[in-house]
Amino acid sequence: MFDGFFALLVFVVFCQPMIEMENDLGRDLISDLPDSIIETILTKLPIRDAVRTSVLSPRWRYRWASMTNLVFDDRGVVGYEEIVHFILKFLFLHDGPIHKFSVQSSYLHASAELDQWLLFLSRREVKELIIELREDEWFRAPSSLFSFKNLTRLELVHCELYPPPNFNGFMWLKHIDFQHVVFPQDDYDHLIASCPLLETLTLTSYDSIELSIHAPNLKYLTVDGEFMKLCLAHTPHLVAAGFNIYMTDHIAAHLEQSSSCNLDKFLGGAPKLERLVGKVYFVKFVSVGIGHGRRLMTYHHLKYIELYEVNFEDLKEVLVMLQLIVNSPILKTLQVSVSTASHMTLYPEDLLFWDKNAFDDSTLHELKTVKFSDVSGTPVEMGFIKFLLEHSPCLEEMSIRPSLYLTDASLSMLVELVSFRRASPQASIVFIHDPI
């Protein structure tokens, strides 16, 4: 249990040149360590081992009681009663401010003890609060959680939040990470908007909600779930966003009734976006309301686009992807994967799509790298590849990973790529064929 602890002490005492040691065998080197070194050692140890350092010397006794970063987990415990007793005793003996409180345990479940800890912590100027109970356990956060006035980071898993009527927000909160966190529909937008300094927002596993994000200082956004509506209404400093969008038949039907362009609503409030990653049904989601005659806002800062599961049989998805690409003048890297729902079926509109392409006068001046995967060689896919080659004068490499179910006919279509005109003289095409 002490192996790692003593190894660290040996390293500090004998290997750190800043510690001047006299040639005196009777000297208590452990007690003579500078306060800064002792504090560093305590922060590197599991919290139960930090408590055990009291036995090292009188100077070390109860030094753990003034630790500011408290991280509790399952290391060294064997059940619910043990971890609850340990945390309760630790908090009772603790003396001083607490900057971070983290509890991540597969043994813990919602209880009166957890509510008491949060009430106690709400009076200790905690800046970082992280709570994750066992996987099948949900807990309803007590009202005291909304009294943490100094929070800068809040991470919750499997939690129910019900803000009190007088809740005015977390004025200093910069980082939110919510996984399976539920609260009333009307409170979603309000909670985010009432965190004026929010910089990082992660929302994971949400079902059929409407979300409009107003966050003037938000820089990094990650969203995962089902959404009836998702809008970046005011995120003027957002630089990186990742979306994992799922769609049920009910949500799809709801979205199809919309007459406005989803992409406009979705990214219209993020003019400084530099990196965009869209997974699963993201492209389908933002393609609602798209049309050939629409010209989107220009994304002057967007350098990286990664789109998964694009259905090249749905021409609205192809169109919205093209509009996003050509309206990103400094785009450097593009990654696209084809939806497994796409097949080799040919329709008349497929053959005419590129003939009526409204982007023939577009030039992708900065595009250098393209990765195109799960390609079957359909006319629309081939047209997309041809378009990129003909309109990217600085392209350096295009890698193409064919579908695992590629037929001989499709393979022959891919071979035709070598005859496509390339605007960039240094552009190379790399085929990456994975054997089944």
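**Before you start**

The model is predicted, so local features need pLDDT of at least 70 and side-chain atom pairs count only at pLDDT 80 or more, while totals for chains, interfaces and linings use all residues. Residues are numbered from 1 along each chain as its sequence is written, and side-chain values use heavy atoms, with hydrogens and water left out.

**Stop 1: the whole protein**

Show everything as a cartoon. The secondary structure comes to 13 helices and 15 strands; helices (H or I, at least four residues) and strands (E, at least two) are DSSP runs, numbered from the N terminus. Of the 436 residues, 48% count as buried. Buried means under 20% relative accessible area, exposed means over 50%, and partly exposed is in between (1.4 Å probe, protein chains only). Among contacts (heavy atoms within 4.5 Å) between residues at least 6 apart in sequence, 66% join residues at least 24 apart.

**Stop 2: a loop residue**

Now select Arg59, in the loop between helix H3 (47-52) and strand S1 (69-72). Arg59 is partly exposed, with a relative accessible area of 32%. Which residues does Arg59 touch, not counting those up to four places away in sequence? They are Ser31, Asp32, Leu33, Pro34, Asp35 and Ile38. Asp32 is 27 residues away from Arg59 along the chain, and their C-alpha atoms are separated by 8.8 Å.

**Stop 3: two helices**

Select residues 80-93 for helix H4 and residues 112-121 for helix H5. These helices pack at an angle of about 20°, with their axes 11 Å apart. That makes H4 roughly parallel to H5; angles under 35 degrees count as roughly parallel, over 145 as roughly antiparallel, 65 to 115 as roughly perpendicular and the rest as oblique. The axes are lines fitted to C-alpha atoms, for helices over the stretch in contact, and angles run from 0 to 180 degrees between N-to-C directions.

Next, show the side chains in the contact: Tyr80, Val84, Ile87, Leu88 and Leu91 come from H4, and Glu113, Trp117, Phe120 and Leu121 come from H5. By class, there are 8 nonpolar, no polar and 1 charged residues here. In this count, Ala, Val, Leu, Ile, Met, Phe, Trp, Tyr, Cys and Pro are nonpolar, Asp, Glu, Lys and Arg are charged, and the others, Gly among them, are polar.

**Stop 4: paired strands**

Two strands pair if DSSP finds at least two bridges between them. Select strand S9 (residues 240-246) and strand S10 (residues 275-280), which pair in the parallel sense over 6 bridges. The bridge partner of Ala241 in S10 is Leu276.

Move on to strand S12 (residues 333-338) and strand S13 (residues 369-375), which run parallel and are joined by 5 bridges. Val336 has Phe372 of S13 as its bridge partner. S13 also runs parallel to strand S14 (residues 397-402), with 6 bridges joining them. In S14, Phe372 has Ile400 as its bridge partner.

**Stop 5: two backbone angles**

Most residues other than glycine have a negative phi. Which value does phi of Ser205 have? Phi of Ser205 is near 65°, a positive value. Ser205 lies in strand S7 (residues 200-214) and counts as partly exposed at 25% relative accessibility. Finish at Val280 in strand S10, where phi is near 55°, also positive. Val280 is partly exposed, with a relative accessible area of 24%.
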